[in-house]
4 protein chains.
Amino acid sequence: MSGNTFGTLFAVTNFGESHGPAIGCVIDGCPPGLELSEADIQPDLDRRRPGTSRHVTQRQEEDKVEILSGVYEGQTTGTPICLLIRNTDQRSKDYSEIAQTFRPGHADYTYLHKYGLRDPRGGGRSSARLTAPMVAAGAVAKKWLARRHGMAFRGCMQQVGEIAIPFESWDHVPNNPFFAPVADVSQLEAYMDQLRKAGDSCGARIRVTATNVPVGLGEPLFDKLDADIAWAMMGLNAVKGVEIGAGFQSVVQRGTTHGDSLTPQGFATNNAGGVLGGISTGQDLEVSIAIKPTSSIISPRDTINTKGEATQVVTKGRHDPCVGIRATPIAEALLALVVMDHVLRHRAQNADVQPALPPIAASFL
Amino acid sequence: MSGNTFGTLFAVTNFGESHGPAIGCVIDGCPPGLELSEADIQPDLDRRRPGTSRHVTQRQEEDKVEILSGVYEGQTTGTPICLLIRNTDQRSKDYSEIAQTFRPGHADYTYLHKYGLRDPRGGGRSSARLTAPMVAAGAVAKKWLARRHGMAFRGCMQQVGEIAIPFESWDHVPNNPFFAPVADVSQLEAYMDQLRKAGDSCGARIRVTATNVPVGLGEPLFDKLDADIAWAMMGLNAVKGVEIGAGFQSVVQRGTTHGDSLTPQGFATNNAGGVLGGISTGQDLEVSIAIKPTSSIISPRDTINTKGEATQVVTKGRHDPCVGIRATPIAEALLALVVMDHVLRHRAQNADVQPALPPIAASFL
Amino acid sequence: MSGNTFGTLFAVTNFGESHGPAIGCVIDGCPPGLELSEADIQPDLDRRRPGTSRHVTQRQEEDKVEILSGVYEGQTTGTPICLLIRNTDQRSKDYSEIAQTFRPGHADYTYLHKYGLRDPRGGGRSSARLTAPMVAAGAVAKKWLARRHGMAFRGCMQQVGEIAIPFESWDHVPNNPFFAPVADVSQLEAYMDQLRKAGDSCGARIRVTATNVPVGLGEPLFDKLDADIAWAMMGLNAVKGVEIGAGFQSVVQRGTTHGDSLTPQGFATNNAGGVLGGISTGQDLEVSIAIKPTSSIISPRDTINTKGEATQVVTKGRHDPCVGIRATPIAEALLALVVMDHVLRHRAQNADVQPALPPIAASFL
Amino acid sequence: MSGNTFGTLFAVTNFGESHGPAIGCVIDGCPPGLELSEADIQPDLDRRRPGTSRHVTQRQEEDKVEILSGVYEGQTTGTPICLLIRNTDQRSKDYSEIAQTFRPGHADYTYLHKYGLRDPRGGGRSSARLTAPMVAAGAVAKKWLARRHGMAFRGCMQQVGEIAIPFESWDHVPNNPFFAPVADVSQLEAYMDQLRKAGDSCGARIRVTATNVPVGLGEPLFDKLDADIAWAMMGLNAVKGVEIGAGFQSVVQRGTTHGDSLTPQGFATNNAGGVLGGISTGQDLEVSIAIKPTSSIISPRDTINTKGEATQVVTKGRHDPCVGIRATPIAEALLALVVMDHVLRHRAQNADVQPALPPIAASFL
């Protein structure tokens, strides 16, 4: 209720602050019998980890995950899985200066008003560092969904600032620091270098997909699959917009083109982005998100202090010049967590359902 | 859990089908002591009602609301408020033909797979008719928020198909059937007439805002105010995209421009759309949504039937050529319901908070 | 959150007041494909109905249930089922006198403090009349559990005031107005007649059971099956105590006798009442509840009025001299609702579980 | 949903197993600004700790709590508080023998059927060791309720096996290992010594109370204060019965005696146990619970193994001969957690309520 639990039947409760002793989460509702160890989780954490290229924050964090509960002899037991990540590189002195001012674009102002006090070290609870436990939890969901339903989750960069990135192949994504689906990222590198020198930051646009989606996921009125995806994505730090399928392009489409035709071999197109009436069609889920430019920049900004007086603020510390870069594995994890929850929700009510016809585009749950 | 309840502390449980005997909702958690009668609710229902111009469905529904509980001697008692709307104009024969086929862009296919059976009359549960109880519940929330916090909620049309609509004034919105903030809607009327003659439909883009927003609403990690708004909006029938503040425009913004400066007199800009770190800043909430073109069109579409065979379908019946037109009052209601829930959530945890400084742009909760 | 929803996956939201226009509930999460009509629900409502013998309140209510949604062509569709019961016999004048005083043992005092106002007519929301929608919802759960798992729910009277009632046979229960499992109820009738003449009331003790319980229902730490049963039963009007299995008798038992031995043919005893570690064993669920004497009595009682002044109150109106008498079908319904919810919860997480051995005393879920 | 979270607005998510690396919990929803350190929590943990007298298990656990998040410069921040307790004395070899058999009265059988596998070490997740994090969370709730509302929570032993314990004074409770409110516990000591020699165990009856309870706590229909207390208490390991106020004694009471008279100076009696219509009256909450005899005893018991064959089992290891003894601080903590949650729930909806008259027996919320 206080906003630190994600999901209902596969419920992930997140805790920790950027510069506290540890961050982590508790997964409640994981089905029993899944083979699980830290080795299943660490790779996704490593993909999200800071300090891996010159285009992201230079904070050094191992992000080493420890499973504290819920696994016995290498298998999940159906009881809560606590995942712990110790913070190691906390340079709290970097933040002492900004404790009395509000950084534009940051949660400093709103936290102080909501709670009457705030932890200023590294953004405290509002830090994007708190996405690490979600990536860890997402890795558990991904593994179960892969084993049980053959699903896969992928994400890539679509645009960095003004630079639109064409889709060449998923194969390129792991080979560059931008998660870009192109072979040559030299233009992106130059752009980022220039931005960093200018002491500025830029936005980004990310695409995330899921394949082998069972038909029938999503509740029809409010907890629609696309609604829950929008909730998850808009809840990711710095996201300002979410699209499913054709998204804002559908404003200028006609009904005769937008509605995806059905054929005995499958849907002819995917303007729906894999969701009709809030329920998965079995097609790929297609999601696109807009990420705002990093607010922590070294260029001086006008602001006020906690006494309400006008002042200026410069954010030193170590920050991502484009927070969108590291967002790809996080967005994948969030999509996996939403789907995981809906698989469990679906079978609670509909485990006995025998549909009249087989799905045309994907295996039925 | 099965997706028919909206909100947590101001929880609205929706029931009914397009052509069943009645639709309605139960509001649980309304604070006691609010003066309330049907007259507070009916005006918003009338704004959303079908059959009011030639540009929307010609179905005739009075949409007369009845308060069945939770009000005693004209005041809410703090117990559940059941709002009932009887269906009157159900022409179920219109739908007999399509019970065996799946309309492209519709939930027919997904419902059958999810539940193994479906109510085909008017889309059954997936009909946009089920937004009427939400408009009714939203009217209750709006009244309480107006009385307690002086808040107001407004929406208007931004774009119909290819036609972008400039913002002239809120005053024009009630004076035309499009909720358009312009004096002259003749171009829109001609566009819609042409579309209807062509047997086609188009998308739309809507803007919704809230003013006098208390600072501090929204949970910081997952039930962020903007995340819950995105959930509510993407859950509205036919919505494919949601933006907060600068939205997708923030992709091409720089950090030096996007982050809204603070001054002793208030925020200098509102790229944030009134939300920082998931928590309201006190500025106006600014939301924009993309609505896909109506799927029910009389132009024939390729599809399959429930035996999996290729066929064509023509949707007769009475449908909106642009479902976006009637979406404005619904989107306002949903925004009010999200805010209402967060006001109650906020004060559960933070009722005792005394912030160090007064908010710069709005009254504190 | 405001306490009007029972259950999570089979969630029943209750609304209405004793003397408002109607009472009812919305069931969200009922699996699709269950044959359902009013005729499945009415018999249980009739068992609970007032005015059926001289030993219960003489209020005349038909308690005619109407299904407003969620059923199409005689089958549940998986969408919310709204059940409506119109109030017909509201003699509100009976209550005008007591609007300014607090009846001892009643919720008058607590409602006024909680909400600042209250509906005094027939107890408003605190009336036991609000159990009728739960009996109706319970009938739906009972039918599904009978069809899917062969389960049955039964209750009987164990004690009325000082008169303990031996268990002779379930067959006697429907043949007397006390739900007593004995052939001869003349002693009970004389006792109740005497009590009514004295203007007093008495308590009661009820037993409720479930048979053919699947093994494995119940969450292990907090939403234990027995904990949820205790919650449901203690939440029933006038209940002051709940026991599972041996109950308070277990205080004086030894470990060597209390722990039920297992044999290849089944458990040797049932001190556990069908629950170990919060999870069903497959044995019958055995629950016992204590119900306090009716607070609405015609004998004058010392109290205060809403100005805080000492006064006396006499409760006229039409009241049950022993509210426990009509509690039996209600307690059955509540037990069915708890089990129904846990069946759905169980299969969400554990639908794929293949246990090493077959259950010894009941069919596995 | 999977039963590891206690509460809604003050939500405690529990994790860990008896012999895993650690146990703990995450508290979500704690109001900000509460001074908090490990020193506030440790004393209650020490009261519950094993190995403190010869009458309880000899397992040696320091139960040292560590605050991992949610506290900054000695104050709660309103964000999740993670409390971690490392397990130190895990003698897993003790349990190797029983991995293939089901101990009568234990959760071994039900866990295997529910999940298809189980952690047999010390009962795994079903161990009473998992009450330690609840005691820790309860200490946080107690401190806030004491500061904000002047509340206090106390518990004592009422009966051990056949030995009823008269109430002499709360002062004696901390001075003996039984939490008995009597000066002389020699009879209890002799009784327990004899039981231990006999290789047997016994039940117990505990009383728990709360004082300075605000009027108006509890939801009226389902999440009644007494219902939630019953849920919490019945969910405590080994509890088989719960009473509020007069409890089962109310079966033989008359309406003329049970209903507590109101006077300008307060309620004349407290048969209600502090709750009317599910809502607190401002009187002390009075709760009584029955705890079954320990199931882990060294006397041989008939049972079956995981192949379904008849066998016998002897539970060695280190176990409490009367689990009721250490239950007192746990029951206090659970009562505090229920009350804490309801204080927050109450003010969400009713923060603006101005009741007509001041409460007669307690300060209003």
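Predicted model: local features only at pLDDT ≥ 70, side-chain atom pairs only at ≥ 80, totals over all residues.
A compact globule of 365 residues would have a radius of gyration near 21 Å, and the value for chain A is 21 Å, which agrees. Of the 365 residues in chain A, 68% are buried. The contacts also show how the chain folds back on itself in sequence terms: among contacts between residues at least 6 apart in sequence, 70% join residues at least 24 apart.

The next element to consider is a sheet in chain C. Strands of a sheet pair through backbone hydrogen bonds, and the pairing may be parallel or antiparallel. In chain C, five strands form an open sheet in the order β1-β2-β3-β7-β4, with antiparallel pairing. The edge strands are β1 (5-6) and β4 (65-67) of chain C, since each pairs on one side only.

The reader may then move to strand β2 (residues 11-16) of chain C, which pairs with β3(C) in the antiparallel sense over six bridges. One of the pairs can be located by name: C:F15 has C:G24 in β3(C) as its bridge partner. Five residues lie between β2(C) and β3(C), and the two strands form a hairpin. On to the next pairing, β3(C) and strand β7 (residues 81-86) of chain C are also joined in the antiparallel sense, over six bridges. In this pairing, C:I27 stands opposite C:I81 in β7(C). Strand β3 (residues 22-28) of chain C is mostly covered, with six of its seven residues buried. As a general point, the side chains of a regular strand alternate between the two faces of the sheet.

A helix of chain C shows how burial can be arranged around an axis. At 1.5 Å a residue, the 12 residues of helix α4 (residues 186-197) of chain C should span 16 Å, and the end C-alpha atoms are 17 Å apart, which agrees. Which residues of α4(C) are buried? They are C:L188, C:M192 and C:L195. Seen down the axis of α4(C), the buried residues fall within an arc of 60°, so they line one face of the helix. These buried residues pack against β8 (152-160) and β9 (163-164) of chain C. The face turned away from the buried side of α4(C) carries the exposed residues C:S186, C:A190, C:Q194 and C:K197. After α4(C) comes C:G199, which has a positive phi near 65°.

Because 13 of the 18 residues of α3(D) are buried, the helix is largely enclosed by the rest of the structure. Just after α3(D), D:G150 takes a positive phi of about 65°.

B:K64 is found in the loop between α1 (38-48) and β4 (65-67) of chain B. Is B:K64 buried or partly exposed? With 13 C-beta neighbours inside 10 Å, B:K64 counts as partly exposed.

Finally, the chains touch one another. In chain C, 104 residues are in contact with 104 residues of chain D. Helix α2 (residues 108-115) of chain C gives the most to the side of chain C that touches chain D, with seven residues. That side of chain C divides into 42 nonpolar, 42 polar and 20 charged residues. Strand pairing also crosses between these chains: strand β11 (residues 239-244) of chain C and strand β11 (residues 239-244) of chain D pair in the antiparallel sense over three bridges. Within this pairing, C:G241 has D:E243 in β11(D) as its bridge partner. Chain D also touches chain B, with 16 residues of chain D in contact with 16 residues of chain B. By class, the side of chain D that touches chain B has eight nonpolar, five polar and three charged residues.

Note on methods
Residues numbered from 1 in each chain as written. Chains lettered and ligands numbered in written order. Helix = DSSP H or I, 4+ residues; strand = E, 2+ residues; numbered from the N terminus. Expected span 1.5 Å × (residues − 1). Buried ≥ 20, exposed ≤ 12 C-beta atoms within 10 Å, placed from the backbone. Arc of directions from axis to C-beta. Contact = placed C-beta atoms within 7 Å. Nonpolar A, V, L, I, M, F, W, Y, C, P; charged D, E, K, R; others polar. Pairing = 2+ DSSP bridges. Rg over C-alpha atoms; globule rule 2.2 N^0.38 Å.
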